[in-house]
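Here is a quick tour for anyone opening this model for the first time. Have a look at it, then read on.

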Amino acid sequence: MAVETHVLDDDCEAITGWGRTAPTLARVHRPRGHAEVVDSVRSSGARGTIARGLGRAAGDAAQNAGGTVLDMTGLARILSVDPAAGLVTCEAGVSLHRLMEALLPHGWFVPVSPGTRYVTVGGAIGADVHGRNHHLSGSFARHVTALRLLTADGEIRTVLPGTPLFDATAGGMGLTGVILSATLRLLPVGTSLMRVVTERARDLDDLMARLIADDHRHRYSAARIDLLARGAATGRAVLTRGDHLPYDALPRRHRARRAPLVFRPGRLPGPPPYVPGGVLGRTTVGLFNELRYRTAPRARTGGIQSLAAFFHPLDSVPHWNRIHGREGFVRYRFVVPYGREEALRTVVRRIADRGCPSFRAVLKRFGAADPGWLSFPLPGWALALDLPTGLPGLGAFLDGLDEEVAGAGGRVHLADDARVRPEVLAAMYPRVGEFRALRAALDPRSVFTSDLARRLDL
Amino acid sequence: MKDAFGAPQSLLVLGGTSEIGLATARRLIARRTRTVWLAGRPSPALTAAADSLRALGADVRTVPFDALDTEAHEERLGKIFTEGDIDMVLLAFGVLGDQARDESDPVAAVRVAQTNYTGAVSAGLVCAGALQAQGHGSLVVLSSVAGERARRADFIYGSSKAGLDAFAQGLGDALHGTGVHVMVVRPGFVRSKMTAGLAEAPLATTPEAVAGAIELGLRRRSETVWVPGALRVVMAAVRHVPRPLFRRLPV
């Protein structure tokens, strides 16, 4: 076991999640077809393998220290579209961006879109991502009608919803196998525009009341909270709801009348590779939040936005994660069930009192729970924030919030997690025992493993 | 695995009775560390150290390790890594020696050099190789400001630390981009049993302060950590003091 400083092959890379914390080294394989995936999994060594998409998970779910990482973005073919049934079958490495490009002109939209469209279909199933329509549509895997999964024994299985393997794979963080392809149910849309309703909520209680009152009237709903506002204004927010704009509802003479289904999102310049830490501190984020709150209309209906502006405002800035500097950021995404609003209030108050400068803080209401054993959503309130890792004492502070969340029967999202204590996992995910048992039976040698799996003993 | 803040879940302390090593272990156990290996010469002190950490709730195991017995390092330390990943190795062993006596007793002086430098080269390489094989981890090396510039008062100890420091820096460069992070820690005068009875130098610090600096350095993935931080500036100046003048300084 002597040191071999020349061991760095060309295909070895230090890998982090989108949060850019805790880098580890892995050998990266870029398979171009199913056969190459099978070869790579068969030849994976003692430290196993994990599939990775576009690396948007904030935590360490798609890292595998000392082992193999399968970069699935090469498997990016759209295999078939069934316009009658509204189904698309595609390989796992296809991004939602690509699906939108290909399918919007034909009047189809993805059923669930998270805050970025640069996620792959495989990743969206593995993390069972949710969007602003969870209260109506559930999370991503709910719209998957079948998937092809390569398991540890080298077999490729067709997995159907309702089976234990499907429910373990949906939200299973890639630990049941490699998703090769999937069939999704699409959403028909008349235009590529959104009809948007914006309003301001003056504090957290006002915000929650407004969310409860009107959420069911809109397909999409989310609120951006200003977590630096304190005192009476704690939890003040800008609430945005939206629906797909039908063609008939387009204003006369609107330029979209001629090309209602065009999808052409713009790209802005990204931040440079090296940004000093602390750029997003209390002052900058405070100013930004103030501006966002003050410039938002008190109440406005009838606004029209493009899909990209409504769903993925940050996607126009490439590498925006660099803005947090070298130390990176931690995404704290948690949910507490209905009836335990007090826990949400406590957490929000503690974050506000501490003055955590969160550039993004999004609150939304979830609908019914999803069948995935490790799926994140449960009926309740979900809040997501991005915090710079360099804040002093942040680790211990978040541990305290974990206690509050787990105590209320809530949980944090595994795809975004990079820090939760293994001890609280079982309280957050009561079905983790079943998941471990299925994994032990399906993959006794732990061919599929990741830094997340090692850290939390999944 | 380390979490987003660089806090390790498993820790190996080489020099299991080192006060700085134990202060660091205590601090990390309060965060994420659940498994601790204490490597050192079997002694009641090592057992007591293990018990004190166990009382904090960690799973502590001891392993016999002698810095001078370099032949056995590969086997002894390699075995630890086969039992599971080690997220952080703290190289904390070292002896101060007795400058006045060692100058007249070359054999004793060589022991200081062998412990602090040769033993660290051997153990450091074994651990670095194992960390590299697992693709992640931190190797934290306790150097000293004494290695930054040789002083009349402790140049035997200082030169051994200078060698260790240069070794660790080079190792860090060799391992750059491999997922393994090498961090050189340069404390000033640390109030501990090692320095008991010695005249205290300016900017003296404590094992607890060193532990805190190590935790911060892990989070920042620092390559060099000075404790206290002001020493970085002080030593930048001291390094350039001309020798005829330096000789006469009361340091």
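Let's start at Met173(A), which sits in the loop between helix H5 (164-169) and strand S10 (178-185) of chain A. Helices and strands here are DSSP runs (H or I, at least four residues, for helices; E, at least two, for strands), numbered from the N terminus. Met173(A) is not a glycine, yet its phi is positive, at about 55°. With a relative accessible area of 8%, Met173(A) is buried. Buried means under 20% relative accessible area, exposed means over 50%, and partly exposed is in between (1.4 Å probe, protein chains only).

Arg20(A) is another non-glycine residue with a positive phi, near 60°. Look for Arg20(A) in the loop between strand S1 (12-15) and strand S2 (24-29) of chain A. Its relative accessible area is 21%, so Arg20(A) counts as partly exposed.

## Ground rules

This is a predicted model, in which local features need pLDDT of at least 70 and side-chain atom pairs count only at pLDDT 80 or more, while totals for chains, interfaces and linings use all residues. Residues are numbered from 1 along each chain as its sequence is written, chains are lettered from A and ligands numbered from 1 in the order in which they are written, and side-chain values use heavy atoms, with hydrogens and water left out.

## Salt bridges inside chain A

Over all chains, the structure holds 56 salt bridges. A salt bridge is a side-chain nitrogen of Lys or Arg within 4 Å of a carboxyl oxygen of Asp or Glu. One of them pairs Asp60(A) with Arg455(A), with the closest N and O atoms 2.8 Å apart. Asp60(A) lies in the loop between strand S3 (49-52) and strand S4 (68-71) of chain A and Arg455(A) in helix H13 (residues 451-456) of chain A, so this pair ties together parts that are 395 residues apart in sequence. Asp60(A) is buried at 3% relative accessibility, and Arg455(A) is buried with a relative accessible area of 3%.

Arg117(A) and Asp315(A) form another salt bridge, their closest N and O atoms being 3.7 Å apart. The two are 198 residues apart: Arg117(A) is in the loop between strand S7 (108-109) and helix H3 (121-126) of chain A, and Asp315(A) in the loop between helix H8 (307-311) and S16 of chain A. Both Arg117(A) and Asp315(A) are buried.

## A buried arginine

Arg331(A) belongs to strand S16 (residues 329-337) of chain A. Is it buried or exposed? Arg331(A) counts as buried, because its relative accessibility is 9%. Its side chain makes a polar contact with the side chain of Asp386(A), at 2.8 Å. A polar contact is a pair of N or O atoms within 3.5 Å; within protein, one must be able to donate a hydrogen and the other to accept it, and residues adjacent in sequence count only if both atoms are side-chain atoms.

## Where the chains meet

How many residues of chain B are in contact with chain A? The count is 31 residues of chain B, touching 38 residues of chain A; contact means heavy atoms within 4.5 Å. About 2700 Å² is buried between the two chains, and carbon and sulfur atoms give 55% of that. Buried area is the accessible area (1.4 Å probe) that two parts lose on being put together, summed over both. In chain B, Met1(B), Phe5(B) and Arg221(B) lose the most area to chain A, together 23% of what that side buries.

The rule finds five salt bridges across this interface. Glu327(A), for example, forms a salt bridge with Arg219(B), the closest N and O atoms being 3.0 Å apart. Helix H3 (73-82), helix H5 (106-134) and helix H7 (207-220) of chain B each supply at least two residues to the side of chain B that touches chain A. H5(B) gives the largest share of that side, eight residues.

Helix H6 (residues 155-174) of chain B has 20 residues and should span 28 Å at 1.5 Å a residue, which agrees with its end C-alpha atoms being 28 Å apart. The expected span is 1.5 Å times one less than the number of residues. The buried residues of H6(B) include Leu164(B), Phe167(B) and Leu171(B).

Finally, a cis peptide bond joins Val227(B) and Pro228(B), with omega about -5°. Pro228(B) is in the loop between strand S7 (224-227) and helix H8 (231-238) of chain B.
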